[in-house]
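Reader: I am new to this structure. Please walk me through it, one feature at a time.
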Amino acid sequence: MKVDRAFKKLADSLPLMMAYVDNQGRYQHVNQAYRNFIGLELHQVKGKFISEIIGAESYQQITLYHQRVLAGDEVSFTDKVTFVDGRSFQLDVKYVPNIENKTGRVNGFFAIINDVTEYASAAEVLRAVHDVVNRQTQTLSTDRINELLRLGCHYLNTQYGIVSQVEDTLYTVKFSYADHDPVPPGSRFDLGDTYCSITLEAENVVATTHASKSKPYAGHPCYQQFQLQTYLGLPITINGTVWGTVNFSSPQVRSHPFSELDIELMGLICSAIETILINSSKTKRLEKLAYTDFLTGLSNRLYLTERFNELTLQRHTNSKSCCFALIDIDHFKTINDTFGHDIGDKMLQQTALKIAGLIRTTDTLTRIGGEEFALIITGLNQAQADSVLEKIRRGVENNKFQLADGSSLAVTVSIGATLISDAEPFKSAYKQADLALYKSKRGGRNRTTWSQQSLTMAQ
Ligand SMILES: Nc1nc2c(ncn2[C@@H]2O[C@H](COP(=O)(O)OP(=O)(O)OP(=O)(O)O)[C@@H](O)[C@H]2O)c(=O)[nH]1
């Protein structure tokens, strides 16, 4: 069929993409919108087979629709279509057969095409954000934030996706995604050297698609150092306070501006990240509570067993020696009975503080029961650990507690210690130390006794 002039004129004036294809599968006309879309002139398309414009795989998929329309059916479909130049789009397509009135013969078909790529990937982002936020209990917050950054990069077609924490003028990368050359989490920059300074100053989303040609990005230290041309940044706010930023960037100039939809979707990703950060800090707070002894502020028995197991695993690789000691206040019942429970509590707190001040930060001190503390000392041999324990014993003995009447009071501690043998379970080490502690108590208190096992190991 000859495509008449009226049709061509009408088709060219429409914003929709339109084509007329004959019953041999050759383009007879493509309107201006379609030509703009595929970047070809009419003479480059006219007379060409569909298979010369659409990539082989996509052509295979849509050829079924061609058969149906050429059999006289109207056909609609939405599918990903890849052109021979490699570009892919999500297209919403309607085929209308051109049927000859008299004969009923199908001469060809009209194709009306709508590019819904942006909406399709927006829907994908929405679905994924929803999914990531709802997977809260099953996946680590780090994995979920990384997944959101990956989605954002994929949707905006940027190289880097970063969540930063900003404290005063310090910019720290907390989470990072890049399909290549990622910026490692923990990297620190001066806030002024990042475009995020612009985001935080604006207290709102800011974006550029061609930094070297737009204010205030051109000449910005971030451009000078990293030559990032495309940037979209949003402030992360937690409990009403600015916490940091989420930003997407690329060294490439972006071919088209960010749309309102892009900004809305990135806002959604930012809110999802805020929610994950808030929930994870709540979880951390609860975890801290679960591992803390309220009276002394030291870690508790639960923490001790977990730390012990962790060290057992580590010893498999570094075979560092490890000492486990139980430290028990002597005659504590008498203190309670004589001075009252409140004074007893204060003595416990003061003793905890004293011992904590005498050990290294790598050692683990916990309160595991009423007036009993447990200590794990790592990396010292028996003689060295023994002198630490002696320092503790003497330190507590000399630690005077002032009473309201001006008099002072001191307590002593008895200690039972053991060297932990390789892969020894907590229960066994505890039993060894407890037996040694019992000997210290029986031997007159205010002393340290080592388990039989340790004495053999130390020889
Ligand atoms: N003030 C106070 N006392 C506690 C706490 N937990 C346990 N106690 C008391 O600690 C005392 C421990 O007494 P015992 O187990 O008989 O030991 P002890 O008097 O220290 O005697 P030895 O260990 O044999 O030297 C009991 O009186 C408990 O009530 C606490 O949180 N605060």
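Reader: How are α6 and α7 oriented to each other, roughly parallel or roughly antiparallel?

Author: First, some ground rules. This is a predicted model: local features need pLDDT of at least 70, side-chain atom pairs count only at pLDDT 80 or more, and totals for chains, interfaces and linings use all residues. Residues are numbered from 1 along each chain as its sequence is written. Now the general idea. Two packed helices are described by the angle between their axes and the distance between the axes. Axes are lines fitted to C-alpha atoms, for helices over the stretch in contact, and angles run from 0 to 180 degrees between N-to-C directions. Angles under 35 degrees count as roughly parallel, over 145 as roughly antiparallel, 65 to 115 as roughly perpendicular and the rest as oblique. Helix α6 (residues 117–134) packs on helix α7 (residues 141–156) at about 175 degrees, with the axes 10 Å apart. The two helices α6 and α7 are therefore roughly antiparallel.

Reader: Which residues in α6 and α7 meet?

Author: Contact means C-beta atoms, placed from the backbone, within 7 Å. From α6 come Ser-121, Val-125, Ala-128, Val-129 and Val-132; from α7 come Arg-144, Glu-147, Leu-148, Leu-151 and Tyr-155. By class, that contact of α6 with α7 has seven nonpolar, one polar and two charged residues. Here Ala, Val, Leu, Ile, Met, Phe, Trp, Tyr, Cys and Pro count as nonpolar, Asp, Glu, Lys and Arg as charged, and the others, Gly among them, as polar.

Reader: How many helices and strands does the protein chain have?

Author: The protein chain has 16 helices and 18 strands. These are DSSP runs, numbered from the N terminus: helices are H or I of at least four residues, strands E of at least two.

Reader: Which residues have the most contacts inside the largest nonpolar core?

Author: In soluble globular proteins, nonpolar side chains tend to be buried together. A residue is buried if 20 or more other C-beta atoms lie within 10 Å of its own, exposed if 12 or fewer, and partly exposed in between. A nonpolar core is a set of buried Ala, Val, Leu, Ile, Met, Phe, Trp, Tyr and Cys residues joined through C-beta atoms within 7 Å. The largest has 42 residues, and Leu-148, Ile-269 and Ile-273 have the most contacts inside it. Helix α10 (residues 260–290) gives the most to this core, with eight residues. A second, separate core has 36 residues, including Leu-326 and Ile-415.

Reader: Which residues are closest to the ligand?

Author: A residue is near a molecule if its C-beta atom lies within 6 Å of it. Here 16 residues surround the ligand, and the closest are Asp-330, Phe-332, Lys-333, Gly-344 and Gly-370. Two or more residues each come from β12 (322–329), α12 (332–339) and α13 (341–356). Among these, α13 gives the most, with four residues. The shell has four nonpolar, five polar and seven charged residues.

Reader: At what angle do α12 and α13 pack?

Author: The angle is about 135 degrees, with axes 6 Å apart. So α12 and α13 are oblique to each other. Phe-332 and Gly-344 are among the residues that meet there.

Reader: Where is Asp-181, and is it buried or exposed?

Author: Asp-181 lies in the loop between β7 (170–178) and β8 (188–190). Asp-181 has 8 C-beta neighbours inside 10 Å, so it counts as exposed. Its phi is positive, about 50 degrees, although Asp-181 is not a glycine.

Reader: Which peptide bond is cis?

Author: The bond from Lys-215 to Pro-216 is cis, with omega near -5 degrees. Pro-216 sits in the loop between β9 (206–208) and α9 (221–226).

Technical notes
Two residues are in contact if their C-beta atoms, placed from the backbone, lie within 7 Å.
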